[in-house]
Amino acid sequence: MRNAPLLAAASLALASVISAAPAPTGAAAMGAPPVLFNTAFEGAALGKIEKLGETEFRLHIKGQQDARGRNRQATWYSFRMDDVGGREVTLHLTAFKGEYNDRPARAPAGDWYRPVCSEDGENWQHIPAARWDEAADEFTFTLRPRGNTLWIAHVPPYPHARVSQLLAEVSRSPHARTEVIGQTVLGRELHLVAVTNFARPDAAKKIIWMQARQHAWETGTSFLLEGALRSVLADEPRTAKLRDENVFLFVPMINVDSVVRGEVRFNVNGFDPNRQWDEVDLRDKRWLERNPEIWYVKKAILAQHARQPIAIALNLHNTEMNEYLETMVDAEPQQAMLHRFFELAVTKTSFDPSRPKLTIGLPTNLPPGNTTNILWRDARVPIMLLEQRIGPNRKLNRIATPQDRMDLGRDLIALMAEVVK
Ligand SMILES: [Zn+2]
């Protein structure tokens with residue numbers, strides 16, 4: 001039972017949010033106002049609400065389907081409850097089941113699964129105890145919030161507003177430049193941040209690429225990328241050397257519209273930003289209309305690679321219980337470099353792989369098509385996919401916190417610089 005310490009720690013932490021006082025009963029409860037659900041904020045999402053009692057609700061996860069009405073995924077919800085102070089509130093979350101790659105998928109939940117809650121919408125902790133019922137597709141927990149407002153989400157949110165704040169900070173650094181490389185379906189800007197020593201010519205440097213949030217719900221990727229970006233921006237001798245020797249390129253958020261709108265996976269036209277990378281044709285404007293997030297990022301990658309080759313690239317994702325690195329790189333010396341990256345990540349960081357080695361995945365041609373990793377086959381970009389689990393990490397002996405993920409970002413970007421030397 002390796003996650004027992006995790007639960008104990010979470011229970012202690014939750015004591016600060018959850019009052020030990022008994023819930024009001026009788027006359028006190030009768031006068032209490034109704035519990036209100038609020039989704040009027042960035043990234044909020046919730047489906048149907050069934051009221052089972054004054055403080056008991058069945059909440060349906062909204063989920064999102066692709067453009068063909070397939071591949072419903074229900075790995076995101078985020079909502080606020082008001083008038084809950086001192087009351088015992090029981091929530092049954094349901095409608096998790098969906099499809100993946102056109103086939104029925106298991107519910108993205110289990111005994112290991114813990115949503116997060118917050119008193120202020122900024123500091124999050126995992127719910128300490130809950131019950132998962134696989135047959136009913138239902139996850140149940142009871143809380144007694146101390147404050148009158150409580151936020152609940154699938155994983156700690158990382159909204160687009162935080163990217164905007166980060167970019168504003170980055171713009172004050174002499175070591176970074178931010179470029180708008182395109183727009184989303186709804187016209188939001190896609191950014192590319194370059195971090196290097198601009199006083200030195202790029203020709204002798206290595207080009208290192210990292211990108212996050214192709215899938216809106218995967219907030220862990222944003223914490224990881226922020227940690228990586230902040231670490232190479234820091235004013236320290238170690239990082240000054242990294243900037244002398246490398247150009248770090250970051251695309252902090254790809255599926256911006258869906259993050260803002262509280263969607264799960266696809267862009268707002270229903271296309272998966274990590275599929276069809278072989279089909280998206282930069283000469284074909286239909287792709288620009290359907291999936292501009294791929295179109296512009298692919299254009300930026302290929303333009304960079306033509307100007308000065310990308311030495312290593314990392315595409316960041318989250319899964320429920322799997323953690324791994326996967327690539328289509330099938331030639332030397334690049335494959336040896338990526339194997340070395342895997343080994344160093346295992347020995348030096350909190351990366352806790354569920355597969356024993358770097359996975360060399362071949363193009364699958366499964367509908368709906370191929371991932372960003374296809375850039376190796378099509379353009380010889382040595383790119384890897386990193387999947388990071390949202391369940392317990394065995395090295396950390398807990399579910400990775402946002403700070404753990406930022407620390408991992410700091411460590412991985414340094415390893416990328418090490419293996420490309
Ligand atoms: Zn993903």
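In which sense do strand E1 and E4 pair, and over how many bridges? I looked this up before anything else, keeping in mind that the model is predicted. Strand E1 (residues 36-38) pairs with E4 in the antiparallel sense, and I count 3 bridges. For one residue I noted the partner: Leu 36 is bridged to Asp 82 in E4.

Next I checked E4 against strand E12. E12 covers residues 149-153 and runs antiparallel to E4, with 5 bridges joining them. Here I wrote down that Phe 79 is opposite Ile 152 of E12.

Entry on the domains. I have domain 1 at 4-153 and domain 2 at 160-419. Taken over C-alpha atoms, the centres of the two domains are 30 Å apart. How many residues does each domain put into the contact? Domain 1 supplies 23 residues and domain 2 supplies 25. On the side of domain 1 that touches domain 2, helix H1 (residues 4-14) gives the most, with 3 residues. I sorted that side of domain 1 by class and got 10 nonpolar, 9 polar and 4 charged residues.

How values were computed: Residues numbered from 1 in each chain as written. Predicted model: local features only at pLDDT ≥ 70, side-chain atom pairs only at ≥ 80, totals over all residues. Domains from an automatic or database assignment. Contact = placed C-beta atoms within 7 Å. Helix = DSSP H or I, 4+ residues; strand = E, 2+ residues; numbered from the N terminus. Nonpolar A, V, L, I, M, F, W, Y, C, P; charged D, E, K, R; others polar. Pairing = 2+ DSSP bridges.
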